[in-house]
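Please open the model in a viewer and keep the selection tool at hand.

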Amino acid sequence: MRLFFVLVFLASAVHAQDFPAKPVKFVVGFGAGGPTDIIARIVAQDLTVQMGQGFLVENRPGANAIIATEFVARSAPDGYTMLFSSLSLLVNSILPGSKVSYDPFKDFAPVSNAAVLPMVVVTSPETKLSTMQELIARAKAKPGELSYGTSGHAGSTHLAGAMLENFTGTKMINVPFKGNGPALAEVMAGRVTFMFYPAVGIADQVAQKRLKVLAVGTAQPWADFPGVPTLEEMGLRGFEATAPWVGLLAPAATPPAIVNRVSAEMRKSLARPETLARMKQLGAITVADSPAEFAAFLRKDHERWAQVIKTSGIKAE
């Protein structure tokens, strides 16, 4: 029996040395231009150079990333198809009435958490809203009229919007899209009133006067948005927990040697000064952890979101 495990280990090690022998696909469950997609492409570009083989991003949006997640869960565990995911991986399995066919812990092998993305509340200058207090006052005065864009049902942006409704006693319209990118485009056009958005790329849009930041969802003021108040300061507590993560996972039976090698290369990518600068410019806080550290984080995040969903009363569609 011991000899068997030694042979399996050696075969896995040899496989890892040969990996990758062909292009590797990072599957993203959201549309192009959203935070998960942008960060996946940054890492894929670095790994293409570092590992001498193409790392490609494939977008499979829909159903709050369930389509992409189930696709990767069923993919061959050979390291050539991986999932660049966010908290939807966990949330979809927690929602009451959910019928997803995957288990976030049994069907995936964590590779590395790339970054966390604090939320900001954004609106178009066209709405004439200057502060978060004005937004809340208008929502109270006109129930069911204001709308907030989301990346899909029960995504981080939807959960944050639902929390805001609960905390302020307001009723607003959730307008779901297939990803944060399309939702933000509608906010910038003024067709959707506002949204909670992971801060990736927001500073550039603010500089171009296409967006206005009303509040940040961090416990402390954020240097990237000087003078913008925190939701915490307004008595709206707990929104820092809505900050989504963006990380890489492989199908569960992927050889550990491959998982560890991709994780090491990913951490190398995220430690590059050029990549760190790009991530900071996007508003992302780099994590770059090991498979074991990412696995522990996912367990804690699962508990956190289970409590948020219970409090908000959100169910599967």
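How do the residues of the lining of the largest pocket divide into nonpolar, polar and charged? In this predicted model, the lining comprises 10 nonpolar, 10 polar and 3 charged residues. To find the site, select Ala63, Asn64, Ile66, His153 and Glu317, which lie nearest the centre of the largest pocket among the 23 residues that line it. The space within this pocket amounts to about 300 Å³.

Select Trp245 and Phe294 and display their side chains. Trp245 belongs to strand S10 (residues 245-251), whereas Phe294 belongs to helix H11 (residues 291-312). The two residues are 49 residues apart, and their pair links distant parts of the chain. The ring centres are 5.5 Å apart and the planes stand at 80°; since planes over 60 degrees apart count as edge-to-face, the pair is therefore edge-to-face. Both Trp245 and Phe294 are buried.

The model contains 12 aromatic pairs. For a further group of rings, select Tyr148, Phe167, Phe194, Phe196 and Phe239, which ring pairs link into a cluster.

Finally, examine two places where a charged end sits over a ring. Select Arg299 together with Phe105: the charged end of Arg299 sits over the Phe105 ring, 3.7 Å from the ring centre. Then select Lys22 and Tyr80, where the charged end of Lys22 sits over the ring of Tyr80 at 4.8 Å from its centre.

Conventions
Residues are numbered from 1 along each chain as its sequence is written. This is a predicted model: local features need pLDDT of at least 70, side-chain atom pairs count only at pLDDT 80 or more; totals for chains, interfaces and linings use all residues. Side-chain values use heavy atoms; hydrogens and water are left out. Rings of Phe, Tyr and Trp (its six-membered ring) pair if their centres lie within 6.5 Å; planes under 30 degrees apart count as stacked, over 60 as edge-to-face and the rest as tilted. Helices (H or I, at least four residues) and strands (E, at least two) are DSSP runs, numbered from the N terminus. Buried means under 20% relative accessible area, exposed over 50%, partly exposed in between (1.4 Å probe, protein chains only). A charge sits over a ring if NZ of Lys or CZ of Arg is within 6 Å of the ring centre and within 35 degrees of the ring normal. On a 1 Å grid over the protein atoms alone, a cavity is a set of points where a 1.4 Å probe fits but cannot get out, and a pocket is an open set with protein on both sides within 12 Å along at least five of seven lines; lining residues have an atom within 4 Å of a point. Grid points are joined across faces, edges and corners, and a volume is the space filled by probe spheres set on the points. Ala, Val, Leu, Ile, Met, Phe, Trp, Tyr, Cys and Pro count as nonpolar, Asp, Glu, Lys and Arg as charged, and the others, Gly among them, as polar.
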